Amino acid sequence: MVKGLSSEEAAKRLKEHGKNELEEEGGTTALDILLRRFKNVLMWILIVAATISFFADKMLTFYFVLVIILIIVVTGFVEEWKAEKAMEALKKMAAPKTKVYRDGKIVEKETKNVVPGDVLKLETGDKIPADAELLEVTNLKVDESILTGESETVKKKEGDEIYSGTVVSHGRCEARVTATGMDTELGEIAEEVQGEERKSPLQKKVHRLGKRLGIIAVVLTTMLFLVGLAEGEPIVEILMVTLALAVATVPEALPLTLTLTLSLGMKDMADKNAIVRKMLAVEGLGSTTIICTDKTGTLTENEMTVKKAYVDGKVLDVEGRGYEPEGSIKETGEVVHVDDSKALDWLIKTCALCNNAEMDFDGKVDIHGEPTEASLATLTEKTSYSYDKLRKKHPREEEVLFTSERKRMTTVNSMDDRDSRYAFMKGAPEVVLERCTHIIENGERKELTEERKEKILEKNDEFAAEALRVLGFSYRESMSEEIDKENVESDMAFVGLVGMMDPPREGVKEAVQMCEDAGIKVNMVTGDNKETARAIAKDIELTDEPKVVTGEEMDDMGDGELRDTIKNVHIFARTRPEDKLRIVEILQEHGEIVAMTGDGVNDAPAVKKADVGVGMGEKGTDVTKEASDMILQDDDFSTIVTAIKNGRRIYNNIEKFTTYLVSRNFTEIFIIALAIALLGFEFLPLIALQILFLNVIGQEFPALALGVDPPTKGIMRRSPRDPGQRLLHKRNLFFIASMALFMVAVGFLVFLQGNPTETLELSRTMVFATISVMIVVHSFNFRSLERSILEINLLKNKWILVAIATTTILVLLSIYVPFLQVIFEHVPLTLTQWSYAVGAALTTVVFIEVMKKLGKFIPKK
């Protein structure tokens, strides 16, 4: 009988029952985004300005303000829509998958496409995707705390129900789906378990900054309004100017630009195989000082190939690579068969029977299972045995699961036409040897003496020093008594060792070097033997002489001793999940910002505790993925480093556009204040519409372009950012104050050059042109707050070029198109007058270059 549903039947049931999803409340619609445009202060200031213009019969001003409102609404809508779509794309990329039987084969399907009747295959760490009835069970325990609130796991047996949203905490099972989506137990309480994502600390900082700057703007514009009233200026003119200045100084573009920069940055990281689940991770990545990474599958390829075996006191070589069952087992060039060695015969049987990999060697090799077990299945196929036939001939009766704490796995299988039962074990060699009393050697069962143990462990170290992952194998005959965990793993006969090669991933060596250049230390945290770990560390040039501490040695250290030791450690070998958590906590006590990788269900606490928790997309359990801040789709260490580079780029860009916006915000208000103080309200350097134009057109587009700026040269040669560092730290505040004051001085001198008492409109036009040119050159200047403009590739950011081209065209139109001249009260400028404006604007470039040099002496605190 074929397990599970056919593809046709599954499609039919999906149409009948719908997607296996909980209905979400409060989904963002296009109308929601549009209405949010009218929830900010800037929009209502402009609406008030338009209303005043209408009732004062200033229709040209009224229509222009309406155009400004339209531009802000459309721009804001498009920006937020892009951000929303980017986040939706991220959710789809991170969509969970479930193993089900379809057309009699195990396949992975998106969890939302699971239907009633599907047969699920679940293992430790899997999140149960739907309500289901258990069909087959192996030592199954389920964490149902999401439904019951009880932390104690629940033991399950065949025929029991398991529920959507709960987690397999131990064991394996197969189960038939009985309900999906809102029809599940979880669906009935969906409203209680749903919640919205909170803002990250960075978002909160930017929102607080915006509010503070808004308060400053209100105070300054109120003061100017009162001065205008005191001088007896027309109330309408005063209101229009102060409202325009309020628009200029309220940094409403800041939160929106931040959201778009973060969401598009996260989308870009996802395209490079790093799915950021929480915006908090973007900040953490830029500050990471230590990466604690798994070895297998992260630093290495996770494609195991058995290269050597040790039986009868002899080393055997195994030909072939990968999971193709081609090659032979040889001793000094001569082929060795299982009939030639009793130890080899039982070694191969143990490889096949103490194994959970599902392998199809008919045609293209189809693998479902751990790479280690897949390599052992492939080894079986390289002998006269068939992996599938051996497993069918000797069916499994019991299993004691492998865990990272036990470091071994044991099965009990029927033998001799099912009249007797044998136990088979594989695991860490030293752990397996502890359970053995005998050894199969040269066809005989002999006592396992201490001398023989030492010899086996020496060979284990030799294999490990060659960067081989080593497992030990044993078996026990005739399990006639009642089986329990103790007797099934005692009085066993050791049969041999197997050494598997798992080569370093391509690009890992370069990624490790990049971390060193960036001031980031890399620690290897592995369950493997310390010699294997040391060999891989040297291979990837982690360090010349890596210091290794084992989990057992950690147990003997108090927190104080470990705290003193940990800074110099490069490798943590033979570790357990609780060791990972302790490592994270001790490193954080040292002030380190820790990124920790994890895949197993028990890794979740360490991953959650880390500043940046990294889950594995390929081999990771659902529990650890949900605890993580970021998921690696390819499980590759190089992807973590690329994500750190992107995290630094995103934060760097946020710093750039924030400094740009704040310095620009106060230029117009200070130049107006200076003119009022020296010349009176009558001789304002800019009118209300010019101020609005410069800020709506000249501010938002360059800021958005800076938000997607490529990485600054040398970004991975800097030390990690101090997480306590403010967004507007002392150096940036120095830039803001000095640049704003210098631009005010230059702009005011240009205003005086135009002789405002005689030709006020010409003077205003020249100030307008000067500030417009400043906008253009500063868009390039702010691409780096440290490097000279001469060192920056000015053509690398195409969006800056688009922003500048758009600004330039609109400025020229406002000065030379007759009906726009009337609206803005502009007069056409001659080449000489343009030379004054351009020359004055370019002096700010020189000034900023000097400030960048001086800024290097100001600490970022």
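A residue is buried under 20% relative accessible area, exposed over 50% and partly exposed in between (1.4 Å probe, protein chains only). The model is predicted: local features need pLDDT of at least 70, side-chain atom pairs count only at pLDDT 80 or more, and totals for chains, interfaces and linings use all residues. Residues are numbered from 1 along each chain as its sequence is written, and side-chain values use heavy atoms, without hydrogens and water.

**Exercise 1.** Determine whether Ile 804 is buried or exposed, and which residues it contacts.

Step 1. Ile 804 belongs to helix H28 (residues 798–816); helices (H or I, at least four residues) and strands (E, at least two) are DSSP runs numbered from the N terminus.
Step 2. Its relative accessible area is 13%, so Ile 804 is buried.
Step 3. Apart from neighbours within four places in sequence, Ile 804 is in contact (heavy atoms within 4.5 Å) with Val 776, Ser 779 and Phe 780.

**Exercise 2.** Explain why the buried residues of H17 line one face of the helix.

Step 1. Val 508, Ala 511, Val 512 and Cys 515 are buried in H17 (residues 508–517).
Step 2. Viewed down the axis, these buried residues fall within an arc of 100 degrees, so they line one face; the arc is taken from the directions from the helix axis to the C-beta atoms.
Step 3. Glu 510 and Glu 516, on the other side of H17, are exposed.
Step 4. The cover over the buried residues includes strand S9 (290–293), strand S23 (521–525) and helix H24 (637–679).
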